[in-house]
Amino acid sequence: MFDRRTAMGAMAGFLSAPAAAQGRRIINAMMTDEPPTLCYPLNNTRVIQQICGNINESLLRFDWQFRPHPNLARSFTMSPDGLTYNFRLRDDVLWHDGAPFTARDVVFSCATMLPQLNPRSRNAFSQIDRMDVPDRHTVVFRLKRPFNAFLLSLMASSAPMMPAHVYEGTDFRTNPFNFKPIGTGPYRFAEWKRGQYIQLARNERYWKPGQPGMDAIYFRLCPTPEQRMVAMETGAVDIAMADDIDTVVNSRLAANPRLVARTDAYNGTGEIAVMELNQRRWPFSDRRFRAAFMHAVDREFLVKAINFGLGKVAHSPIPSTAPYHDDKVLTKYPYDPNRARALLDEMGLKPKAGGMRHRFGIMLIPDGGGTWTRVGQYVKQALSDVGLDAYLEAPDWPTQLRRSGNWEFDCDCNIYGAYGDPAIGTSRFFLTSNIRKGVPLTNLQGYSNPEVDALFPRAASAVSPAEAQVCYSRLQQILTHDVAMLWLYERKPALFHNRRLTDVVMGPNGPADGLGAVRPA
Amino acid sequence: MMRSVRLFFAKPATIVAFAVFVAIVVIALAAPLLFARGPFTIVGMPLLPPGAPGLLAGSDVLGRDMAVGLAYGARISLLVGIASSIGAVGIGILFGAVAGYYGGLVDELLMRVTEFFQIIPSFVLLMVLVAFLQPSLGATVIGIALVSWPQVARVVRGEFLSLKAREFVQAARTLGMRDSRIILTQILPNALPPILVVGSMMVGSAILTESALSFLGLGDPNLLSWGSMIGGSRSAMWVAWWTTVLPGLAIMATVLSLNFISDRLNDALNPRRQR
Amino acid sequence: MLVSIQGLTAALPPGADRPLAIEDLSLDIAHNEIVCIVGESGSGKSMTAHAVMGLLPRGVGVTGGRILFDGVDLLQEPPEAMRKRRGREIAMIFQDPMAALNPVVVIGRQVTEQIRAHRAISEREALQQAVDLLGQVGLKDPAALLGAYPHQLSGGQRQRVMIAMALSLSPRLLIADEPTTALDVTTQAQILKLIKKIQAQRQMSVLFITHDFGVVADMADRVAVMRLGQVVENGTVAQILDRPAHPYTLALIAAVPKGASAPLDPAEGTPLLEVRGLSKTFRRGGLFSSRGAVTAVDDVSLTLNRGETLGIVGESGSGKSTLARCVIRLLEPDSGAVLLDGTDVAKMKSGRLRPLRRRIQMVFQDPYSSLNPRQRIGDIITAGPRAYGEDTAAALARATEILRLVGLNPEILDRFPHEFSGGQRQRIGLARALMLQPDVLIADEPVSALDVTVQAQVLKLLDEVRRTMNLAMLFITHDMRVAAEVCHRVMVMRNGKVVESGPTHALFSAPASGYTKSLLAAIPGRGRL
Amino acid sequence: MNRLQYIGKRLVMTALVTLAVVLLSFLMIRMAPGDAATVMAGQAGYADETFMKNLRAEYGLDQPLRVQLWKYLSAVAQGDLGTSYVRRQPVLSVILERLPNTLMLDAFALAVAIAGGIWLGSIAARRPGSAGDGAVTTLSMLFYAIPQFWLGMMVMLVFAVWLNWLPPFGIETMGADYTGLARAGDVALHMILPGLTLALYYMASYARLTRIAMIEVAEQEFVKTARAKGITERQVARRHILRNALIPLVTYAGLQASILVGGSVLVENVFSWPGVGTLAYEAVIGRDNPLLLGIFIVTSILVSLFNLATDIAYSLVDPRVELG
């Protein structure tokens with residue numbers, strides 16, 4: 001063993017940030033790989049959200065309880081029938097190139113650009129019947145039917161406002177501004193040094209008083225987990241966002257007195273790690289098999305040993321941090337191998353010669369031998385204890401997505417985001433209407449239940465929150481009883497930041513809302 | 001023959017290398033008997049250091065016994081090393097013999113193919129092959145054999161080219177022997193020593209290649225190999241050195257002993273030393 | 001005495017075929033004298049030369065004796081002093097002039113390097129001296145040669161360069177270790193003449209190592225005959241050649257082919273083998289390039305009768321071996337006909353050719369590479385019959401007979417080739433060919449790799465076998481003396497063409513062409529032996 | 001044939017070989033299941049049919065294979081290697097951006113390997129069977145047996161972590177934003193560990209090769225001639241033995257060029273070196289076909305050119321060799 005403190009201190013000599021010496025107040029963040037573009041809706045991934053969250057803003061902001069607050073919209077109202085939403089925009093907002101931000105930009109973003117590029121926006125915006133612009137700073141959305149997740153779908157990561165004067169009438173995919181984006185946010189794009197960093201500079205004309213709190217943000221390319229960990233320990237980088245840090249060394253960073261660890265920065269996405277069974281095939285079509293699977297796997301172990309505590313056992317399709325989660329109605333499946341064996345016996349899946357009952361494949365998510373491989377190896381081992389002979393398959397990304405999209409699997413792995421409202425993030429996996437061959441991230445399992453098919457639309461169009469809650473409670477009851485999916489655990493990715501910064505995480509959308517509020521501690 | 005054996009064991013280092021190799025083979029063969037529950041069984045807390053109760057080599061990031069993993073890893077390394085070398089040597093002999101003996105168009109074609117393999121970065125090609133075939137033991141073996149046979153083919157071709165000009169081969173032709181017989185009974189036995197040496201060197205390099213693939217996450221996820229042990233604990237290296245150091249030493253010991261053996265084989269089978 | 005070797009003994013490394021390389025050797029070399037050491041391979045003659053030079057190979061150590069050079073014992077000299085003597089006082093030239101010159105350094109540099117190792121002069125001055133030296137050894141346009149690489153020179157030119165280098169510092173002793181063995185006979189004659197001339201001019205002493213009594217006769221003032229590390233006889237050239245005392249010397253001299261022409265068997269009827277207008281051209285280069293063509297055999301015709309031996313004689317590159325390989329169809333001729341009993345086999349497809357193959361068999365030059373080292377003698381010599389479907393037991397039974405015929409003990413069937421000497425291997429190769437009861441036997445330089453005594457035995461055997469089996473024999477050789485001894489008729493080749501041919505006796509006594517004359521004139525020791 | 005003609009002919013050959021590489025790798029890569037649209041859909045975390053259809057149309061994946069191939073070939077002929085699926089940038093610029101880093105690393109490693117290998121090899125060859133020879137032989141055997149990626153991790157642990165002599169990874173100090181000479185020095189410092197890791201294996205092979213070649217050359221006649229001339233042992237070793245022993249080394253260096261690119265995949269990965277090796281790994285994992293093809297094309301051209309250079313070098317060290 002070597003003395004870790006000396007070692008890390010040693011490395012600080014190489015990795016400290018002399019740029020601070022130049023007198024500028026800088027945030028050093030990192031990116032795990034270089035983004036393909038900086039056009040927010042064109043590639044709505046976490047890396048882009050982290051960067052573009054500082055550049056592009058949305059109409060609303062959300063608090064920890066997912067309640068909307070004004071942002072680019074000065075105020076907003078909803079009609080009692082839930083069909084009309086009226087937004088008054090701020091009139092003091094300028095794009096980074098100096099053009100004023102107006103209703104035209106909102107209409108362009110919500111009616112044209114976002115639905116075309118961002119599949120996640122399309123669902124919500126397809127509810128819009130028409131948009132009216134009574135004046136330069138007012139937008140009125142009229143919906144076809146009530147959709148109570150409408151406001152939530154205006155969260156920055158789903159609906160960033162894009163500049164109409166830059167994009168309108170151009171080919172969005174090839175627009176040169178994709179590499180030098182224009183927004184209204186607290187930081188503007190300054191420089192992209194390929195293979196090294198992307199620099200954002202302070203937006204001097206930012207509308208929010210007192211912001212931004214720093215002069216610049218550097219997103220430094222840090223492709224390997226070891227490199228990222230050392231960079232955090234030495235202070236070369238101030239912020240490590242979700243999954244930047246390998247869970248194995250989380251405890252070590254968490255113990256570092258110079259660092260703050262947050263596990264609530266991604267509640268807005270609300271990710272659940274699941275395994276999906278191809279319910280078209282026997283025995284996966286049998287509820288008892290799925291229940292036995294759940295009983296056979298010690299999900300506490302997954303959280304503790306594999307995720308090193310960063311997470312929570314998932315019992316419901318709706319994450320425990322999101323609205324509508326109802327713990328009372330859930331059927332839970334605690335770790336109980338005996339129960340699992342009994343269920344398998346009951347359904348007639350008796351052990352054959354060699355002690356195994358059934359052989360099937362678990363298709364992993366390609367993560368280069370990372371967490372999923374570990375999860376898979378543990379689950380394989382746990383299943384073999386109850387007589388299920390699972391073999392792991394490690395396809396590359398395209399193969400994984402193609403096979404899952406074409407339903408060529410027994411069991412696959414997935415992480416899905418609930419995005420704050422089941423109508424946005426959850427229903428897509430259970431609706432019969434969303435069984436679409438060839439399209440990844442749909443109802444791949446082939447789960448189909450008429451009652452569920454009826455309840456989801458009713459819940460989404462309920463005008464009163466109470467009515468929606470009733471529907472969602474019933475849905476959670478049905479889905480967990482059916483074991484409609486193998487929910488493993490809710491992911492709580494850690495965000496680490498240096499104590500020299502403060503106000504890093506301000507809401508459930510975490511860094512995707514931008515780092516405008518960040519200032520020196 | 002006896003002379004070769006004697007020459008082979010002439011140096012004490014060879015005896016050590018041979019002993020190490022035999023020990024590794026024995027461990028690999030005995031692993032299922034010694035550790036019946038397999039390498040994936042979780043036996044305790046993660047990242048326990050070597051010497052912890054019952055854990056000779058510590059535990060890994062999942063709390064699995066490293067010693068068991070090392071023993072089972074030997075199976076994968078040796079299996080992949082030997083199987084892919086046999087494959088490569090087989091293909092290489094076939095093409096090399098035909099090209100070297102007949103020359104002409106076949107030879108020209110083979111040379112172009114080996115040139116292609118020389119020009120394309122073979123490890124990248126291998127990654128592509130394995131990724132496309134889907135990582136599995138079979139894919140690894142096939143992939144390694146496919147990218148390494150040209151090397152054998154070149155050696156075989158060279159041997160055949162020089163041997164076919166030797167007078168005893170010409171004599172065989174004047175005696176009216178058929179080509180297939182000449183290749184099999186006259187040339188091949190004489191070309192075997194260098195093929196054997198290349199083959200044994202190849203086992204070592206195949207083991208290294210396999211470990212590299214597994215390290216990059218392109219190995220069979222159902223099997224624990226030394227490379228995947230290292231790859232799976234890359235980050236843990238900072239908190240638990242044994243998770244990466246021990247499997248690396250295991251690879252090194254295996255390949256080193258193999259290289260010593262093939263080096264001595266080279267000396268022992270070298271016709272210049274014989275006679 | 002310039003050099004006086006007294007009781008020199010040198011040990012071979014353990015595991016060698018005998019313990020001592022040189023055993024109690026004493027030899028004197030006077031001023032202005034050429035001393036030849038003659039012996040067969042392994043006699044220790046070359047070791048002796050290297051010992052004088054202080055360049056014994058690793059593992060061979062002098063265990064006793066003295067080498068006095070001008071009264072100083074060279075064996076006691078410190079390495080640095082010995083280095084300074086080398087090249088300056090004692091110079092040496094070697095057997096293979098190609099291997100003896102550094103292939104990647106230009107000639108000029110190789111010569112000046114030696115001069116400057118011993119004299120503090122500039123490269124320019126040294127180059128000037130090099131030009132002089134190269135001129136002295138009879139090289140034309142020496143200034144142009146300075147920038148040439150060894151591979152651009154012919155064998156004779158290279159050996160002249162070696163001699164120039166050796167002479168560059170006017171050494172008092174020149175050691176020549178088989179300096180002409182790798183050369184063609186005409187070149188050999190020139191080089192021998194050159195050495196003799198220079199020795200006379202410079203009044204230096206020469207220690208000349210050779211296996212060839214012909215060369216001895218031409219060169220030596222005094223001769224030492226060596227065998228197994230010992231000098232068996234020592235005396236003036238006249239003593240040794242005319243009145244040899246030791247039986248070994250006697251045997252050696254007797255074994256030298258004398259060119260005594262063989263009895264003339266009259267040949268009648270249609271020839272067994274007839275070659276008409278045969279040509280073969282080799283093209284170099286690959287698919288995308290051709291670097292010119294070499295016509296190795298150019299419109300050659302010949303006939304051969306049963307019971308007759310036809311010698312094909314020529315220097316290296318004359319096309320004699322290619323001709324033989326075309327006849328036996330190891331190569332396919334470009335044009336011409338090879339008629340075996342009237343059937344043309346020149347362009348025959350391999351399927352039809354196979355049954356005819358057994359009628360023409362071959363004995364090869366290199367006794368080491370002509371037998372498969374991984375097969376037992378029994379397998380080797382029965383391979384032919386087995387290839388034609390004869391069963392192994394019958395073939396082995398015949399093998400016993402044939403082995404007796406070639407003078408070998410039939411019990412050797414289970415042994416491997418490496419257990420035999422060169423001469424024995426040639427007998428095995430002959431047995432292999434005879435197993436197929438051929439009509440024509442092609443012998444491609446069958447004795448040129450053998451020592452002279454063994455050579456004589458093998459030649460005798462070939463002649464006996466030809467007679468007993470009534471074979472037609474095509475005998476390829478570079479050595480006029482050998483050809484004269486066994487052939488009924490001789491055909492002289494040069495650059496792929498037939499220069500002249502005729503009955504051996506007639507051709508040797510009255511050669512028609514100038515080339516043949518020069519070949520005959522170049523035979524070393526002609527007239528003395 | 002003169003040298004210029006030869007080079008011209010070799011360049012034509014290079015073009016032909018490259019064409020073969022393009023064809024073979026294009027077919028191989030396109031035969032493989034799965035396409036880029038699915039990858040991008042997966043990245044987006046959300047997908048539907050229109051989205052996928054648009055993507056396929058954008059990258060021409062909806063057209064027949066031979067149309068795709070033809071389009072690709074004609075684009076390549078004009079120096080356009082297509083657009084990276086994942087990065088949405090021209091493949092050529094993505095590669096060219098990374099190439100200098102890899103070339104720099106490889107050149108450094110090759111230089112160290114050749115210099116060190118020849119040095120070690122000549123020490124060993126001086127007295128075959130001696131202790132020095134044994135040490136060198138064992139050492140090179142050891143370097144042969146160490147997995148490169150693991151060696152990288154170990155030297156990082158020892159020299160960067162324990163001893164704190166050198167920076168552990170990356171190509172320059174993160175956040176330092178040096179310029180000019182300071183930056184060059186910084187990069188050089190970062191290159192030492194990955195460079196040595198990459199070099200050690202090849203150094204071992206050069207040492208072995210030098211040793212064998214020198215021992216073999218030392219047995220040749222012209223070395224005896226050199227000694228007979230009375231020149232010093234040092235001159236014998238340098239002028240005669242080493243010069244001739246260099247010949248096989250040159251050929252070997254040519255053969256290694258492509259292996260070096262492969263080897264740098266691992267070393268670059270371990271040391272986070274932003275080179276073509278890491279790019280290739282990302283391209284394989286992300287099934288970024290245009291990028292993968294581009295890497296094959298660019299590296300094969302480079303390797304061919306390097307081979308040409310070694311052939312010319314070969315003809316310079318060995319006058320017996322004719323180019324042609």
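The model is predicted: local features need pLDDT of at least 70, side-chain atom pairs count only at pLDDT 80 or more, and totals for chains, interfaces and linings use all residues. Residues are numbered from 1 along each chain as its sequence is written, chains are lettered from A and ligands numbered from 1 in the order in which they are written, and side-chain values use heavy atoms, with hydrogens and water left out.

**Chains and domains**

Five pairs of chains are in contact, and chains A and D share the most contacts. Contact means heavy atoms within 4.5 Å. Chains A and C have no contact; their closest C-alpha atoms lie 42 Å apart.

Chain C divides into four parts: domain 1 (1-89 + 173-255), domain 2 (97-170), domain 3 (269-359 + 442-529) and domain 4 (367-437). These bounds come from an automatic or database domain assignment. Between the C-alpha centres of domain 1 and domain 4 of chain C the distance is 39 Å.

**Chain D**

Chain D has 12 helices and zero strands. Helices (H or I, at least four residues) and strands (E, at least two) are DSSP runs, numbered from the N terminus. The C-alpha atoms of chain D fill a box of roughly 85 × 55 × 40 Å along the principal axes.

Helices α6 (residues 131-145) and α8 (residues 180-218) of chain D pack at about 140°, with axes 8 Å apart. Axes are lines fitted to C-alpha atoms, for helices over the stretch in contact, and angles run from 0 to 180 degrees between N-to-C directions. α6(D) and α8(D) are therefore oblique to each other. Angles under 35 degrees count as roughly parallel, over 145 as roughly antiparallel, 65 to 115 as roughly perpendicular and the rest as oblique.

From α6(D), the contact residues include D:Val136, D:Met141 and D:Phe143; from α8(D), they include D:Leu200, D:Tyr201 and D:Arg208. The residues of this contact divide into eight nonpolar, three polar and three charged. Ala, Val, Leu, Ile, Met, Phe, Trp, Tyr, Cys and Pro count as nonpolar, Asp, Glu, Lys and Arg as charged, and the others, Gly among them, as polar.

**Sheets in chains A and C**

Strands of a sheet pair through backbone hydrogen bonds, either parallel or antiparallel. Two strands pair if DSSP finds at least two bridges between them.

| β4(A), residues 73-78 | β5(A), residues 84-89 | five | A:Ser75 and A:Arg88 |

In chain C, an open sheet of four strands runs β2-β1-β4-β5, with antiparallel pairing. β2 (20-29) and β5 (72-73) of chain C stand at the edges, each with a single partner strand, so one side of each lacks a neighbour in the sheet. Helix α1 (residues 45-53) of chain C packs on this sheet and touches β1, β2 and β4; its direction makes about 70° with that of β2(C).

In chain A, an open sheet of four strands has the order β4-β5-β7-β6, again with antiparallel pairing. Its edge strands are β4 and β6 (128-135) of chain A. The twist averages 15° from one strand to the next. Helix α3 (residues 103-117) of chain A packs on the sheet, touching β5, β6 and β7 (138-143); its direction makes about 170° with that of β6(A).

The hairpin of β19(C) and β20(C) has two residues between its strands, and C:Asn495 takes a positive phi near 50° there.
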